[in-house]
Amino acid sequence: MTPRHGAFGLKFLWLAFLLLLSPNAIHADDHYDIILKNGLIVDGSGLPPYKADVAINAGKIVKIGDLGASGADAVVDATGLVVCPGFIDILRHNDLLWTLSEQQRAIREGITAGLAGNCGFSVLDVQKNLAKLQKYPGILNLGTLIGQGTLRDWFVKTNKQKPATPQEMAIMKLFLQGALQAGAFGLSSGLGYEPGQWCQPAELEDLASVLTNYPHAVYYTHIRNYRSNVLDAIKEAIHVGETAKIPVVIQHLLFKLPSNWDQTESGLRLLEQADEDGHPVYATVYPYDFWGNEVQIPLYQFLYLKPEDANLGYYRSNAKTADILAQIHRRLQEYGGGDKVEITRVKSKYFKSFLGDTIADMAKQRKISEEQAVLALLVENGEYVRICYHGLSEEGLIKKIQTPFILFGSDSTSAIPHPRDVGAFPRLLETYVRDKRVIRLSEAINRLTYEPAKLMGLKDRGLLKEGYWGDVVLFDYKTIRDNATAVDPWEPPTGIKMVLVNGQLVYDAKDGFSGRYPGQVLRRSND
Ligand SMILES: [Zn+2]
């Protein structure tokens, strides 16, 4: 210090030094709408977690760091909680016409954005429906796809089971263009059922070629087969992406039969190969060992019996009883044994205690064979007894979760009572991240947030970052739990403590829903 700086210069330098030491002093007067204080930030990028405060103003994240004594209209103590971006569920159905209770179920599992119109079905008039949604916002952000099945339902009239005529192709393409211009995020197909099953690969590729000219447009597909021909079906999906030069998402990638579980690795390898060849292909999974139609199957149907056979009288002849026991034995062997079959609905009060147990559990408790347990269930409950078949491979699921290009989707429909509807994402975090340690927490959050945001071309969502929308979830990593089961599929999860959408508090585990509707319409961007 030279004497010519004098006393004023010294003071000034001292002040500058203080400010350098304590950057918060600069912001002592800052005031925010919300501060989430002292949480463990898992920011969506995949980088390791760190402790910090998050400040939100006017719907957006404006600061992340040590906010010291800064004030806010609402300060939330996030000590001990994970603070991360809201989950983006790219596998939803129900178009844009979600009821409030469906939206609430999504929010309660941490979902702040959903992509509807999957598996071939959507609203036809995307523009009209997005406008309606804009006028009457929901509690979370919503976007949609346009369904190939929907287009075909409306415009292929000449012969539904034959390839579309050139005129029919032209009008389907025109509507697809309209939907993409209105903001649809791509085309979805459902090739395992009508009318998608009648659509040959050439027609599909022709239709998907429209997507080439639209940035961020993606082909999402419920492939033609998830059983013995699953590998061919995966190849078909990859080929559509290659010819249209667009990314592909194979929805709910399942290997449904024990006999095709060993195709999991080859299937994943096909996806990896496509990626290496420069054609990005993703797939989604939900973390359960049973799929949609397997949750509440009538037991008689599962055993290939006729409904009228599931009556008490049928078994009153010894010869028939011997027959039926042999048949039950064959089926149980075919399906991997009684421990794969969970009892989900019964009529008789004497069997209620077995709800949630497997046939193997019941046999053990009653000291009878598995076949006799099945017969007892049928005799006393007739056609009312339902079961959940746990027919998917746990090992295969773990392999999929370990694969970087696997994303997650709830496949929520509200029509099928599957626990995935309310618990898919909490279950992933609880069972496969925390308990089984299949992937790290930051990686799971990355694939629930930033990866789908990038895929959809959402430039200001999916990360906790300054300038990004305040879609935020606070959850307790130690207690997060999916409580829904095949018996009680609507039981909400625990551990999700707070959900903010576009910077507004929508849900708080203590006080419930706030009554705010901050949801925005998500549209594909041309940038
Ligand atoms: Zn599907």
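Where is Lys 245 found? Lys 245 sits in the loop between H7 and strand S12 (248-250), helices (H or I, at least four residues) and strands (E, at least two) being DSSP runs numbered from the N terminus. This is a predicted model, in which local features need pLDDT of at least 70 and side-chain atom pairs count only at pLDDT 80 or more, while totals for chains, interfaces and linings use all residues. Residues are numbered from 1 along each chain as its sequence is written.

**Overall architecture**

- The protein chain has 16 helices and 21 strands, and its C-alpha trace spans about 115 × 60 × 45 Å along the principal axes.
- Of the 527 residues of the protein chain, 47% count as buried, a residue being buried if 20 or more other C-beta atoms lie within 10 Å of its own, exposed if 12 or fewer, and partly exposed in between, with C-beta atoms placed from the backbone.
- Among contacts in the protein chain with a separation of 6 or more, 75% are accounted for by residues 24 or more positions apart; two residues are in contact if their C-beta atoms, placed from the backbone, lie within 7 Å.

**Domains and the nonpolar core**

- The protein chain is divided into domain 1 (87-291 + 392-513) and domain 2 (294-389), with bounds that come from an automatic or database domain assignment.
- The C-alpha centres of domain 1 and domain 2 lie 35 Å apart, and the contact takes 10 residues from domain 1 and 10 residues from domain 2.
- On the side of domain 1 that touches domain 2, the residues divide into eight nonpolar, two polar and no charged, where Ala, Val, Leu, Ile, Met, Phe, Trp, Tyr, Cys and Pro count as nonpolar, Asp, Glu, Lys and Arg as charged, and the others, Gly among them, as polar.
- In the largest nonpolar core, which has 147 residues, Val 83 and Tyr 219 touch the most other members; such a core is a set of buried Ala, Val, Leu, Ile, Met, Phe, Trp, Tyr and Cys residues joined through C-beta atoms within 7 Å.
- The largest share of this core, seven residues, comes from helix H7 (residues 230-244), and because domain 1 (87-291 + 392-513) and domain 2 (294-389) both give residues to the core, it lies between them.
- Leaving aside residues up to four places away in sequence, Val 83 touches Leu 36, Gly 39, Leu 40, Ile 41, Val 54, Ala 78, Leu 464, Val 472 and Leu 474.

**Packing of H11 and H12**

- Helix H11 (residues 359-366) and helix H12 (residues 370-381) pack at an angle of about 100°, with their axes 8 Å apart; axes are lines fitted to C-alpha atoms, for helices over the stretch in contact, and angles run from 0 to 180 degrees between N-to-C directions.
- That angle makes H11 roughly perpendicular to H12, a term that covers 65 to 115 degrees, whereas angles under 35 degrees count as roughly parallel, over 145 as roughly antiparallel and the rest as oblique.
- The contact is made by Ile 359, Ala 360, Met 362, Ala 363 and Arg 366 of H11 together with Glu 370, Ala 373 and Val 374 of H12, and these residues divide into six nonpolar, no polar and two charged.
- Gln 365 is also found in helix H11, and it counts as exposed because it has 12 C-beta neighbours inside 10 Å.

**Buried loop residues**

- Val 295, in the loop between strand S13 (281-285) and strand S14 (297-298), is buried, with 23 other C-beta atoms within 10 Å.
- The C-alpha atoms of Val 295 and His 390 are separated by 8.5 Å, although these residues are 95 residues apart along the chain.
- Leu 145 is found in the loop between strand S8 (141-144) and strand S9 (146-147), and with 32 C-beta neighbours inside 10 Å it counts as buried.

**Backbone details**

- The peptide bond from Glu 194 to Pro 195 is cis, with omega near -10°, and Pro 195 lies in the loop between strand S10 (186-190) and helix H6 (201-208).
- Cys 119, in the loop between strand S7 (111-116) and helix H3 (126-135), has a phi near 60°, a positive value in a residue other than glycine, and is buried, with 26 other C-beta atoms within 10 Å.
- Lys 245 has a positive phi of about 55° although it is not a glycine, and is partly exposed, with 13 other C-beta atoms within 10 Å.
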